[in-house]
Amino acid sequence: MRQRGTFLRHATLVGVSAIMLLPFYWVLKTAVTNENIYAYPPRLLPESPHLFNFVDVWYFIPFPRYLLNSLIVSALVVASNIVFNAMAGYALTKSFAGKRAILLLFLSCMLIPFQATIIPAYLITSKLGLLNSYLGLAFPLLSTIVCIFVFKAAFEAVPQSLVDAARIDGLSEWRVILRVLMPLSKAAIATNVVLAFIWSWNAFLWPLIITREPTMQTLPLGLARFLSYMEDTTGALYAFAVMVLAPSIFVFLMAQKEFIRGLTSGATKG
Amino acid sequence: MMPAAGGAPGGSAERHNGWWQRKRTRELALVACFLLPSLVVFFLYRVLPLGWNLLLSVQYWSPLKPARWAGLDHYEEMLLYDDVFWQSLTNTLIFIGAAPFAIALALGIALLVNSDLKGAAVYRSIVFLSYPLMTVAVGIIWRWMYDERGGIINFALRESGLVAKPIPFLQSFEWALPSVIVAEVWQVLGFYMIIILTGLQSIPQHLYEAASIDGAPRWAQFWRITLPMLKPSLFLCAVVGILNSFTSFDLVYIMTNGGPGHATELLITYIYKSGFGQTKFDYAAALTVAQFILLLALTYLANRAAGGNAGSLERR
Amino acid sequence: MPHWATSRWVIAPLAIAGLVLAWNGYVALNDGGLVEGQVVDASGRPVPNANVILLERHFVMHNERQRTRTDRAGRFRFAGNDNHSLQLEAEAAGLGRTERRVVRLWFRAQNVRLAEPLQLAGKLP
């Protein structure tokens, strides 16, 4: 009886997994296929698979340029998320007048989806003169509330006695943060890196609004542009999709635990 | 929490007091400096836009002309004369209405995964894998899945004899919206599952043990213990589902761009088109206000349904 | 070895950086833009003085880029190719044309030597 229950569970989960993985398989298959991709019936296995579609993507469109733009924006976002969020998280471990107000502000900001602010956000960025710039692309993501709370929780978990001991040794406030708190918050840093990277790497609506020149476009925009040129007629489009997905999948597999903890830190009390 | 420096070494009470004061000021300055960058970001891109948006929605404004007071004209146009608004509102509601089904599905998967099953972690990773991916690429993948000739869905339907002619999923008025929703559910399902799993793991095991001793059957345990204890997690899922109607811009833009006609137009794509396609920023601002009110109302309702404990977002 | 050096956060990025460097090194050593090959007749004998055309790909079209003639051993050689997707075609008076040979390269201007010669339909007398 129990045996059969376990088997049924496995069978169901294998089925679910197969459905979840099917789109990945289908896009990979198309990306390595040279045959006429519109032929009916489509083949379930790729015929004489090759990787030249990836080479095509690299050269047909300014892929290196998009990649560079995406990497610059992501690096900006990741770096500033670590610094700014750690600072804000540290400040929130102190007690000060107005702390409740700040916490409330952060929590209510969390409920404002960024997409709901695009019009004034565009106007503000244009007033700041940051349209079409890396800083403008990165600005809304430079600090993120969820990650601030991740840092706050990590700092609060550091035993107070350790901090006190460091202070008695004469370490300045900065040194305490850099030498004691940060090294003990590696998991929080990893969470910040992963979340900030994924968010900035995948961002589409914001870059779509504020970049006007192709030279400033990031990978998602390049992908959308490629789609509008080619109208899914070529395996290269799917090779492109695979190429932009690979880094996120890589990061996700590297740091699944940190990623999940970061995302669910809103669900559990931080 | 009191400042950590309470145990200052030595010194008379008076000296201690002065030292304390200086320390306090320094600490306040530090806190202010440390909070400043984040506050600037949130002020510029969350708080200020919200206010400005409200202001824009009651003005006649375009980038080249000075602002004029419009009162509720935009709202009047939107509510009384704009069919596209109503259609995109309906679509958005349908989009959100699909969330409970997705959450139920995720709950089922979470219950299966949350056990001593061998390889549960692998299943969990597979289901979750689609969530962190670039939505633009996901849209492209699903366009291709739905394709009339090269798509595997039509292929499977035709091979199994369910349909004689391929269904042009994304080009048909009836199928386009459900098709986009399926793709959206595929992407977000893993996230719901993770939230629910976190909730499941926080349910104390002894509740089940006690129920077992009382002889309560499994389904009764599910209804009496699991579901009530999961309320905060389910509420969070609902909030995510509501927010997703905003964040699904990427998916809709890539898969159908709101078409055919306005069959898959969501409020967010309509806002984008009005604002950046037709440069009617003022009107788009009014649409944004409408969507924001919708968001707040639905979140409030979900919160009420979850027992009114404000879920876990505010519980910190 | 220090503890941090064995972390996957150090190893994985370093491995990627190493791969990228190695690949770029390989590219730098092999991007001379040479395309070499041979033209033979239907019975496999080298065809001297045959016309060889090099076409390169632009999005979906292939445009002619260079022409050359084979030497006494039927060999030809193009220099200065800077594309990554080529087609080669040969013709000789009285021997007809070859089929277009698709040559796909791993990077721009990769040096390449055709393993199989281009084969004309006719036979040398």
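Among contacts in chain C between residues at least 6 apart in sequence, what percentage join residues at least 24 apart? The share is 64%, where two residues are in contact if their C-beta atoms, placed from the backbone, lie within 7 Å.

This is a predicted model, in which local features need pLDDT of at least 70, side-chain atom pairs count only at pLDDT 80 or more, and totals for chains, interfaces and linings use all residues. Residues are numbered from 1 along each chain as its sequence is written, while chains are lettered from A and ligands numbered from 1 in the order in which they are written.

**View 1. Chain C, its fold and its extent.** Chain C holds 1 helix and 9 strands. Helices (H or I, at least four residues) and strands (E, at least two) are DSSP runs, numbered from the N terminus. Along the sequence the pattern reads α-β-β-β-β-β-β-β-β-β. Chain C is more spread out than a compact globule, because its radius of gyration is 20 Å, well over the 14 Å that the globule rule gives for 125 residues. That radius is taken over C-alpha atoms, and the globule rule is 2.2 Å times the number of residues to the power 0.38. Along the principal axes, the C-alpha atoms of chain C fill a box of roughly 75 × 30 × 20 Å. Of the 125 residues in chain C, 23% are buried (20 or more other C-beta atoms within 10 Å of the residue's own, with C-beta atoms placed from the backbone).

**View 2. The contact between chains A and B.** Among the 2 pairs of chains that touch, A and B have the most contacts. Here 77 residues of chain B are in contact with 79 residues of chain A. On the chain B side, helix H1 (residues 13-57) gives the most, with 19 residues. That side has 55 nonpolar, 14 polar and 8 charged residues. Ala, Val, Leu, Ile, Met, Phe, Trp, Tyr, Cys and Pro count as nonpolar, Asp, Glu, Lys and Arg as charged, and the others, Gly among them, as polar.

**View 3. The contact between chains A and C.** Here 6 residues of chain A are in contact with 9 residues of chain C. Helix H2 (residues 52-60) of chain A supplies the largest share of the chain A side, 5 residues. By class, that side has 5 nonpolar, no polar and 1 charged residues. Chain B and chain C do not touch; their nearest C-alpha atoms are 19 Å apart.

**View 4. Confidence along chain B.** Chain B averages a pLDDT of 84 (the predictor's confidence in each residue, from 0 to 100). At least 70 is reached by 92% of the residues. Over residues 1-11 of chain B, pLDDT stays under 50.

Key
Buried ≥ 20, exposed ≤ 12 C-beta atoms within 10 Å, placed from the backbone.
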